[in-house]
Amino acid sequence: VYEFNDAPFYGEKNWGGAFPTKWYWSQCNSFDGYKDLAFTAGGGIRVLPFSFLPGKRTETLGLIGIHYNGVFYEIVPWLGSMEWEVSTWGEWMFRGRCTDNVGSQQKFEADIIVTTNEDVSGVLLRAPTKDKGMQYFCRDSGYGQVTLSLYALEWDRDTGDYIR
């Protein structure tokens with residue numbers, strides 16, 4: 001039995017019936033000079049259960065959640081838009097906009113760039129695969145650099161879109 005008090009903790013659980021065919025995930029709660037800042041970004045491609053629509057067997061999904069100065073900034077597809085570029089290893093880019101009404105919260109946009117040193121190959125982990133069960137093919141690292149930018153959005157009549 002190991003008992004910890006006031007220790008950092010991480011826990012994860014896939015509650016679905018099948019693991020996504022591809023997924024990405026990043027989080028940070030240690031920003032120099034910002035004690036009240038943390039983010040989690042994740043998503044992937046999952047098989048849709050009971051999908052009978054032609055050509056619609058999978059779904060791409062994701063989220064960005066930012067806690068800053070006591071405010072939770074949520075970016076999910078049904079409240080705006082999001083995109084990401086995830087390399088095989090070493091660089092993750094997340095971008096999203098919340099342009100729907102979320103209470104009285106102002107509309108906003110976030111850019112997050114996460115990198116890790118190419119020399120740091122991370123820890124090789126076992127992860128579920130569709131055909132071969134648990135396999136060593138996923139990498140994880142606790143060493144990286146994060147740039148997080150959070151912008152207020154305003155409606156611009158000239159462009160007919162939200163601008164920073």
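Biologist: Leaving aside neighbours within four places in sequence, which residues is Lys107 in contact with?

Modeller: Bear in mind that this is a predicted model. Contact here means heavy atoms within 4.5 Å. With neighbours within four places in sequence set aside, the partners of Lys107 are Cys98, Thr99, Asp100, Asn101, Tyr151, Ala152, Leu153 and Tyr162.

Biologist: And where does Lys107 lie?

Modeller: Take the strands on either side: S6 covers 91–98 and S7 covers 108–115.

Biologist: Which side chain of opposite charge is nearest to Lys107, and how far away is it?

Modeller: Lys107 is buried, yet it has no salt bridge. A salt bridge would need a side-chain nitrogen within 4 Å of a carboxyl oxygen. The nearest side chain of opposite charge is Asp100, at 6.5 Å.

Biologist: Zooming out, how many helices and strands does the chain have?

Modeller: Read along the sequence, the pattern is β-β-β-β-β-β-β-β-β-β-β-β. The count for the chain is therefore 0 helices and 12 strands, going by DSSP runs.

Biologist: What share of the 164 residues counts as buried?

Modeller: To count, a residue needs under 20% relative accessible area. Lys107 is one of the buried residues. Across the 164 residues of the chain, the buried share is 26%.

Biologist: How far apart are the mean positions of the positive and negative charges?

Modeller: Lys and Arg go in as positive, Asp and Glu as negative. That gives 15 positive and 21 negative charges in the chain, and their mean positions are apart by 10 Å.

Notes
Residues numbered from 1 in each chain as written. Predicted model: local features only at pLDDT ≥ 70, side-chain atom pairs only at ≥ 80, totals over all residues. Heavy atoms only, no water. Helix = DSSP H or I, 4+ residues; strand = E, 2+ residues; numbered from the N terminus. Buried < 20%, exposed > 50% of the residue type's maximum accessible area, 1.4 Å probe, protein only. Charge placed at Lys NZ, Arg CZ, Asp CG, Glu CD.
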